[in-house]
Amino acid sequence: MIPISTGSEWTFDLIAEYDAAIREVAVDEFKLDVYPIQLEVITAEQMMDAYSSVGMPVNYHHWSFGKHFVATEKSYKRGQMGLAYEIVINSSPCIAYLMEENSATMQALVIAHAAYGHNSFFKGNYLFRAWTDASDIVDYLMFAKQYIGQCEERYGISAVEELLDSCHALMNYGVDRYKRPEKLSLAQEKARQTEREQYLQTQVNDLWRTIPKRERDAGAHAAQRFPSEPQENLLYFIEKAAPLLEPWQREIVRIVRKIAQYFYPQRQTQVMNEGWATFWHYTILTRLYDKGLVTDGFMMEFLQSHTNVVAQPPVTSNWYSGINPYALGFAMFQDIRRICEAPTDEDRAWFPDIAGTPWRDTLEFAMKNFKDESFISQYLSPKLIRDFHFFALRDDDRDDKLEISAIHDEEGYRKVRELLADQYNLGSREPNIQVWSVNMRKDRCLTLRHTMHNRRPLDRGSACEVLKHIARLWGFDVRLESVDTDGSVREHFEIKAPAETMAY
Amino acid sequence: MANIIDRRLNGKNKSAVNRERFLRRFKGQIKDAVAKAIKGRSITDIESGETISIPVKDISEPAFRHGKGGVWEPVHPGNQEFVKGDRLPRPQGGGGGGSGSGKASQDGEGEDAFAFELSREEFMNVFFDDLALPNLVKTQLTGITEMKTVRAGFTNDGTPANINIVRSLRGALSRRIAMAAPTLTELDESEEELDELMESGMEADLDMRERRRRIHMLREKLAAIPFIDPFDLRYNNRVKQPTPSSQAVMFCLMDVSGSMDEQKKDMAKRFFILLYLFLQRTYDKIELVFIRHHTSAVEVNEHDFFHSRESGGTVVSSALNLMKEVVQKRYAGSEWNIYAAQASDGDNWDSDSANCARILETALIPVCQYYAYIEITEGEPQNLWYEYLKVKDAHKHFAMQKIRSAADIYPVFRELFKKQQGVSK
């Protein structure tokens with residue numbers, strides 16, 4: 001076979017040839033199921049633009065994106081940071097960006113990594129299937145941008161900006177974790193939007209019903225709670241129940257909530273997503289080499305870049321900044337393949353279900369049905385724990401010393417695996433905060449409840465800032481209680497309603 | 001097959017709006033940072049952008065997160081010597097808690113500054129935001145006295161000095177060709193007839209004589225066509241167009257008597273720098289005149305102006321007189337916009353103050369676009385201040401301020417050049 005290219009320069013024809021060769025390996029040989037692919041060649045500046053709008057091709061305007069842009073631009077210009085060579089968008093067609101500055105090898109790497117690796121993950125993983133609708137996201141963002149732009153014209157940039165600030169502060173609390181959402185669909189959104197605006201306002205709720213309809217039943221209703229059950233989706237609750245919001249404000253809350261929902265799967269599948277894409281670029285390009293389609297020089301350049309990506313500095317290193325999701329994810333998928341193809345006795349004991357099975361099917365199953373937390377607790381093998389030299393460090397504020405609670409030995413494998421999995425559990429990573437109650441009889445004070453996990457307190461400073469935002473949205477006083485597992489209130493925060501509410 | 005699209009030619013400044021939003025949002029902090037930067041700059045170093053830092057906590061986007069405390073049990077890679085049950089001292093600086101996801105340090109608060117580059121333009125815009133030179137707009141839009149003559153084609157009349165020779169002769173030539181054409185045709189015909197008659201050899205004396213007479217007449221007629229005619233003359237046309245004057249002179253007047261110490265001079269310098277910066281934005285060309293004075297005034301270069309120190313008393317009018325002379329000698333006429341900035345600690349020889357006010361009113365204020373006076377003093381105003389106050393009441397483009405510390409300079413500057421109502425629009 002003649003190599004596709006020998007130099008480092010790329011051309012559009014070369015990209016097309018690489019794409020065709022990669023597709024042959026990925027789709028025909030390895031049966032990856034992918035969305036249609038759109039490769040877009042862009043410049044470094046455009047890459048920075050893409051960066052700062054969280055990778056989305058269109059997005060509404062907000063200063064925080066400008067802040068990211070300014071920061072990215074600064075560190076890029078000073079050479080402190082190279083631009084990541086890939087951004088890929090979970091949409092159909094799946095858009096992958098190729099940066100002009102990259103060599104032919106890097107373009108091939110990005111195509112394999114993003115356009116086939118990430119793409120197939122987006123299409124296959126259950127979280128993405130349940131939470132996002134790839135074919136509609138770009139349209140929805142267009143709609144959001146237009147709508148917010150119109151609001152800016154009508155109500156002023158500042159009013160919209162303040163509202164967005166407040167919503168962004170709650171972005172991580174705009175998701176129903178346990179309830180399957182409806183998919184985003186632009187057509188439905190639009191059709192329902194106008195209707196909703198009018199209807200919502202009439203619905204705003206029990207809060208305005210100051211005169212009980214039936215005086216006699218007052219006693220029975222007095223004890224009724226609102227909301228009747230704690231609500232985990234703060235943005236949804238605000239959208240539906242905040243008494244003073246205007247219809248357009250509710251719509252913007254909804255937009256932020258919908259976009260938060262779109263990113264929710266990504267936050268939960270970092271290790272898997274990057275691991276999967278890295279596994280495939282490695283597997284595909286190695287296969288191309290076996291077929292003689294790429295040169296030794298190509299492989300050297302590719303492997304150098306690949307090694308950097310999957311490097312995991314040890315905890316003692318100056319470069320250590322947590323576990324590298326690329327490293328862990330790549331190692332795990334490689335390891336699953338190893339267990340399928342060449343299991344040891346240990347593997348047979350630990351993974352009787354998969355040891356010796358066809359690796360491609362096992363990998364596909366793992367990719368489709370897990371998120372980081374469950375993926376790790378299911379598939380992290382003792383061998384990997386040993387390879388990474390994982391250990392757990394117990395830090396209890398009631399103990400004056402730190403304690404090594406488990407290491408990579410027979411006794412510690414399960415504990416390390418369990419703890420590492422928990423580290424990727426959004427529920428324990430982020431404080432668990434829910435809407436607890438609204439005082440409907442008096443001051444409409446909103447009470448939120450933070451259920452403490454392992455006695456971990458909230459960070460006071462940021463909590464107060466976020467509460468100010470909530471008070472701005474809610475329009476009345478807001479209270480937050482930190483509740484220990486035994487039900488006692490450990491700490492509470494209170495924010496008065498802003499003197500000047502957002503309502504007009 | 002993948003769809004490959006070349007997007008490189010699409011606009012690259014997609015983030016421009018967001019960047020502008022960011023600047024707008026943190027206008028206050030950015031302005032403070034710019035004001036701080038100005039203090040550290042020298043007068044020659046104003047034409048560049050600036051790295052601006054604003055406190056991270058001002059621009060952070062808050063979100064609920066865990067604080068320190070409680071139980072954490074993170075997993076780390078790279079164990080070397082630990083075994084289960086090892087107990088380690090807690091690292092100082094609170095590294096232990098909160099590192100659950102390994103990200104806490106990244107978005108932790110800290111007192112770091114968020115630094116970024118402001119382009120020169122943005123820097124200047126922030127600095128001069130909502131400032132405008134008093135009367136500047138007026139001078140440019142209504143009070144134009146400077147006229148410039150520009151070419152505007154050719155006309156049929158004018159003074160002989162403006163005759164355009166090429167154009168005139170070209171006109172003359174074409175006129176001659178045009179006027180001669182019918183006569184020449186007739187002449188050719190007559191000569192041909194004459195030749196025919198002569199060749200025929202017939203005796204037709206009468207006819208021939210007639211032809212000759214006619215040819216002669218036609219020749220005379222041709223000769224009578226004038227080489228040049230008043231009708232041919234073309235004159236260069238010049239019209240006068242009003243042009244805004246684009247040059248300014250800035251007078252820096254400073255008291256360097258014993259009572260002006262280094263700190264006060266430093267403050268005065270900053271005041272001059274700010275005025276200079278502002279003029280530079282408005283005018284193509286600015287000349288600087290430095291006049292320092294104690295009991296007598298002298299024009300000096302910039303270095304001497306700021307760095308030498310004299311002792312003795314103070315006669316402010318000496319500087320004003322010198323400025324008056326310099327204006328008359330070098331900056332007379334309407335092509336110069338004259339600005340003056342005077343800094344002093346307020347000391348003056350008592351009977352001189354009234355004199356100063358008189359010079360200002362009669363000689364300087366009428367020729368100046370703007371005259372600014374700052375008094376750098378901790379104490380009570382003295383009689384110079386009171387005399388100047390009277391001037392201020394009478395003239396809109398005279399301004400005065402008292403400043404006490406370096407921190408007052410920026411606000412004073414703004415005050416001095418605050419948009420005057422009715423002028424800006």
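Tutor: A residue is buried if 20 or more other C-beta atoms lie within 10 Å of its own. The model discussed here is predicted.

Student: How many of the eight residues of helix α10 of chain A are buried?

Tutor: Helix α10 of chain A covers residues 234-241 and is mostly covered. The buried residues are A:L234, A:L235, A:Y236, A:F237, A:I238, A:E239 and A:A241. The number buried, out of eight, is seven.

Student: Which elements of chain A do the buried residues of α10(A) pack against?

Tutor: These are the buried residues of α10(A), including A:F237 and A:I238. Their packing partners in chain A are α7 (157-169), α11 (247-268), β6 (432-438) and α21 (460-474).

Student: Why is strand β12 of chain B largely enclosed by the rest of the structure?

Tutor: In a regular strand the side chains alternate between the two faces of the sheet. On one side of β12(B), B:W336, B:I338, B:A340, B:Q342 and B:S344 are buried, and on the other B:N337, B:Y339, B:A341 and B:A343 are buried. Strand β12(B), residues 336-344, is largely enclosed because its buried residues number nine of nine.

Student: Which residue of β12(B) is the bridge partner of B:L253?

Tutor: Strand β9 of chain B, residues 247-255, pairs with β12(B) in the parallel sense over eight bridges. The bridge partner of B:L253 in β12(B) is B:Q342.

Methods. Residues are numbered from 1 along each chain as its sequence is written. Chains are lettered from A and ligands numbered from 1 in the order in which they are written. This is a predicted model: local features need pLDDT of at least 70, side-chain atom pairs count only at pLDDT 80 or more; totals for chains, interfaces and linings use all residues. A residue is buried if 20 or more other C-beta atoms lie within 10 Å of its own, exposed if 12 or fewer, and partly exposed in between; C-beta atoms are placed from the backbone. Helices (H or I, at least four residues) and strands (E, at least two) are DSSP runs, numbered from the N terminus. Two residues are in contact if their C-beta atoms, placed from the backbone, lie within 7 Å. Two strands pair if DSSP finds at least two bridges between them.
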